[in-house]
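The sequence and structure are shown first.

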Amino acid sequence: MTELILIRHGETDWNRELRFQGQVDVPLNATGHEQARRLAQRLMAERLAIDHLVCSDLIRTRQTAQPALAALLPQLSLDALTDPRLREQHFGVVDGLRVDDIKARHAAAWAQWQRFDADGGMPGGETARQFHARVMEALRGLAHQHTGQTVMVVTHGGVLDMVWRTARGLGLSGPRQSDIPNAGLNRVRLQGDAIEIVHWADTQHLAGLSAQPVYDQTRLQRAEGVTRP
């Protein structure tokens, strides 16, 4: 059994604008840096025995991981701890665009996206099924490599959605069903192909900060009158 402490990166300006960040290299904003600092403080206060750390190679995850790494594993170098398989889903031609921009420039693609089909994706991007395979290959590889240890993984909202769906036995189609706050604490246990959620979306350490922007896929789908076939 391997325990993973899964962290979504801190807030960026594009999160607040509800842009599709995908694999565009967007840095944290001031709130994101504060979230990362508080996350490190909490991990130190709780004296969690973290044996290893790995993160996506994008800057927003690296900046989120750095304070915790400096506090808990100062002997390690972040440059050697990144894995591009932990990147967010690739959204192709709409990476970096706001929803209104996507509707205006890629109306057909947006209509298809709103169905949240496992084998549908934005032009030039990944489908949910391709994304899921990439993510689970990376995480199961980590679990195998660090059996019996606790590994902190700093990654993206879409990656955590794939973990939630897998743990709950949900399909890859349909809108997101879990809360995935920036810099929230999520703990899971992996043993073989099984994933057990210990706790999810814990944000006690972020109390008092401004409310987070939320990309609610279910509400968006309802608002646009989309029904699944």
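## Charge and surface

The protein carries 26 positive and 26 negative side chains, and the centres of these two sets are 3 Å apart. The model is a predicted one.

## Overall form

Eight helices and five strands make up the secondary structure of the protein. Read from the N terminus, the order of elements is β-α-α-β-α-α-α-α-β-α-β-β-α. The C-alpha trace spans about 50 × 40 × 30 Å along its principal axes.

The radius of gyration is 17 Å, which agrees with the value near 17 Å for a compact globule of 229 residues. Of the 229 residues, 51% are buried. Among contacts with a separation of 6 or more, 73% are between residues 24 or more positions apart.

In soluble globular proteins, nonpolar side chains tend to be buried together. In this model the largest nonpolar core has 27 residues, and Leu4, Leu139, Val153, Val188 and Trp200 have the most contacts inside it. At least two residues of this core come from each of β1 (2-8), α6 (128-145), β3 (150-155), α7 (157-168), β4 (185-191) and β5. The element that gives the most to this core is α6, with eight residues. Apart from this core lies another, of 18 residues, which includes Leu39, Leu69, Leu78 and Leu81.

Which residues does Trp200 touch, not counting those up to four places away in sequence? They are Leu160, Val163, Trp164, Ser178, Asp179, Ile180, Leu185, Asn186 and Val188. One of these, Val188, is also listed with Trp200 among the residues with the most contacts inside the largest core.

## Residues with positive phi

Phe116 has a phi of about 50°, and Ala201 has one of about 60°.

Phe116 sits in the loop between α5 (107-113) and α6. Is Phe116 buried or exposed? Its relative accessibility is 7%, under the 20% cut-off, so Phe116 counts as buried. Ala201 belongs to strand β5. With a relative accessible area of 23%, Ala201 is partly exposed.

Leu209 lies in the loop between β5 (194-202) and α8 (217-223). Its relative accessible area is 24%, so Leu209 is partly exposed. Leaving aside neighbours within four places in sequence, Leu209 is in contact with Glu34, Gln35 and Arg38. Met162 is 47 residues from Leu209 along the chain, and the C-alpha atoms of the two are separated by 27 Å.

Asp100 is part of helix α4 (residues 99-105). Its relative accessible area is 57%, over the 50% cut-off, so Asp100 is exposed. Along the chain, Asp100 and Arg19 are 81 residues apart, while 9.5 Å separates their C-alpha atoms.

Terms used
Residues numbered from 1 in each chain as written. Predicted model: local features only at pLDDT ≥ 70, side-chain atom pairs only at ≥ 80, totals over all residues. Heavy atoms only, no water. Helix = DSSP H or I, 4+ residues; strand = E, 2+ residues; numbered from the N terminus. Rg over C-alpha atoms; globule rule 2.2 N^0.38 Å. Buried < 20%, exposed > 50% of the residue type's maximum accessible area, 1.4 Å probe, protein only. Contact = heavy atoms within 4.5 Å. Lys, Arg positive; Asp, Glu negative; His and termini not counted. Charge placed at Lys NZ, Arg CZ, Asp CG, Glu CD. Core = buried A, V, L, I, M, F, W, Y, C linked by side-chain atoms within 4.5 Å.
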